[in-house]
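The entries follow the order in which I worked.

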Amino acid sequence: MKNQVIPFFTVMIFGLIGFNSCSIDGEDTTTSFLSSQDFEVISNSLGIENELPNYSNTDESERDYEFDAKAFLGRVLFYDTHLSIDNTVSCASCHDQKLGFADDEAFSEGIDGQLTERNSIAFSAVGSDDSENNPYFGGADSFGASMFWDHRASSVTEQLKETIENEVEMGMPLDQLPGKLSNLDYYQILFRKAYANGLESYAIQQDDILDALLKFMQSLNPSNSKFDQVILSRSGLLDNDINTSVAFTTKEAIGESIYESKCASCHGFGQGQPVGATRNNGLDMAYTDLGDGNSRFKVPGLRNVALSGPYMHDGRFETLEEVIEHYSSGIRRHQNLSPMLLELAFHQGPNPLATTGGFNFTAAEKDALLQFLNTMTDESFINDQRFSSPF
């Protein structure tokens, strides 16, 4: 695959879906998700505990258990190779949690050993109190509203549908997928639980498959990196009983300054959310892959960027060092080059008419920028069991 809901009527959902809880030292704790009979069936296929993870990313008292049940189902779907026509490829085949939900190959392998045309985009959303307003998967006016490197999908749901049906990636006609999944007993249980209050008469729907996957993706919010902690510390909002003051090292701070002056005009200031949708960043003078039609490609977020190489739409750069060198000395003056890059890399450079330019970073500046980008790695996210394979 290429690149918290606001709680309401929680008590009603609590009763309808059938979760049980108890209080331990005054703290509500979900103790069971499925009946013992259903859990026994599920356990034959899934290696899970009979406890619903908190995907709402809220305090226990504010959890939306309906969202959590759907997101959990989405997690199972995400890792299940049954979503592909030949049962060999899952969403996770191209989006590895340990890599920030990216792939470590320039082009990912789909069905029949075919390779994708572009590099898999990492899931690099920024934490949000409300998943529906998550900036990576937001509304029509957000930078994340159009998906894929060329922005051809207008929503995540459209992206999911296209990926599942893509003849290279998964090759599964979506209208045939409900019938296929209905033959798996664990899906009969999980879909009824998430979308029909357990009703036996429920039949799996295409829209529910896509919605569950969307809910899982909405819960993927890497927001506990050193970068995030520094931002929260500066704002006085850091909640850390051990260390209430987190700061960048001297080199990281220099790297942040470089990032803000040279990189943030595309990739975003402050929280690191991309400013624009698509940009040309001077990879070539002439492109075989025209991206959005004008040799421009999606501006990715940079959460866990140190883990998600190789980089660019074609995976041409293996390392961040190579990426930094491109911006230092290898920017090509394409006719659709980002105006900010044109201004910073050429008009302010020693030769404004050159066909290749860059920021001319010193070795120390390159190292500082690299160290700053490394602060965006969220170790807790890539090791979070809520997002791991349930199989």
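Predicted model: local features only at pLDDT ≥ 70, side-chain atom pairs only at ≥ 80, totals over all residues.

**Entry 1: contacts of Leu77.** Setting aside neighbours within four places in sequence, I found Leu77 in contact with Leu83, Leu181, Tyr187, Phe191, Ile209, Ala212 and Leu213.

**Entry 2: the largest nonpolar core.** I next looked up the largest nonpolar core, which has 57 residues. Leu77, Leu181, Tyr187 and Phe191 are its residues that touch the most other members. I noted that α3 (65-79), α4 (156-165), α5 (177-182), α6 (185-195), α7 (206-218) and α14 (379-382) each supply at least two residues of this core. The most comes from α3, with 10 residues.

**Entry 3: the largest cavity.** I then turned to empty space. A probe the size of a water molecule, rolled over the atoms, shows where such space is left. I recorded a volume of about 640 Å³ for the largest cavity. It is lined by 38 residues, and the closest to its centre are His267, Pro300, Leu302, Met312 and Tyr327.

**Entry 4: the lining.** Which element gives the most to the lining of the largest cavity? I found that α11 does, with 4 residues. At least two lining residues each come from α9 (250-262), α10 (264-267), β4 (297-298), α11 (320-329), α12 (339-347) and α13 (363-374). By type, I listed 27 nonpolar, 8 polar and 3 charged residues in this lining.

Technical notes:
Residues numbered from 1 in each chain as written. Heavy atoms only, no water. 1 Å grid on protein atoms, 1.4 Å probe; cavity = no way out; pocket = protein on both sides within 12 Å on 5 of 7 lines; lining within 4 Å. Points joined across faces, edges and corners; volume = space filled by probe spheres on them. Nonpolar A, V, L, I, M, F, W, Y, C, P; charged D, E, K, R; others polar. Core = buried A, V, L, I, M, F, W, Y, C linked by side-chain atoms within 4.5 Å. Buried < 20%, exposed > 50% of the residue type's maximum accessible area, 1.4 Å probe, protein only. Contact = heavy atoms within 4.5 Å.
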